[in-house]
Amino acid sequence: METPHPVQIIRWRPELLSEMRRIWNKVVDAGQALVFEQPFSPADFTQMVVQQTDVQCAVQNEKLAGFYIVHPNLPGRAGHIANCSYAVDAGCRGRGIGKL
């Protein structure tokens, strides 16, 4: 399904952290994805984000629609195998945001 308005993919920025954490914690609270059982505090979420290899955000109509994080699955020679987690705002799901 195509998105109704263009989506811009941008590298995360500190001013997006609060909204990113809100989306992430909603996914955690739903208990259907991600391994975490408790919502992240602002400090814990910031620490998690800055430790990632890459974090990209989907922005649509000047609003954060979702984001993904990428990091190596294993260290050393297996570091080229990546692990990626996606979090999409509930109001933006079903529009193909996670496929971009």
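This is a predicted model: local features need pLDDT of at least 70, side-chain atom pairs count only at pLDDT 80 or more; totals for chains, interfaces and linings use all residues.
Residues are numbered from 1 along each chain as its sequence is written, and side-chain values rest on heavy atoms, with hydrogens and water left out.

Strand S2 (residues 54–60) and strand S3 (residues 63–72) run antiparallel and are joined by seven bridges; strands here are DSSP runs of E with at least two residues, helices are runs of H or I with at least four, both numbered from the N terminus, and two strands pair if DSSP finds at least two bridges between them. Four strands make up an open sheet, ordered S1-S2-S3-S4 with antiparallel pairing. Because strand S1 (7–11) and strand S4 (82–88) each have a single partner strand, they stand at the edges, and one side of each is left without a neighbour in the sheet. From one strand to the next, the twist averages 20°, where axes are lines fitted to C-alpha atoms (for helices over the stretch in contact) and angles run from 0 to 180 degrees between N-to-C directions.

Helix H1 (residues 17–30) lies across S2, S3 and S4 and runs at about 75° to S3.

Within strand S2 lies Gln-56, which is buried, with a relative accessible area of 14% (buried means under 20%, exposed over 50%, partly exposed in between, with a 1.4 Å probe and protein chains only). Leaving aside residues up to four places away in sequence, Gln-56 touches Ile-9, Ile-10, Arg-11, Phe-67 and Tyr-68, contact meaning heavy atoms within 4.5 Å.
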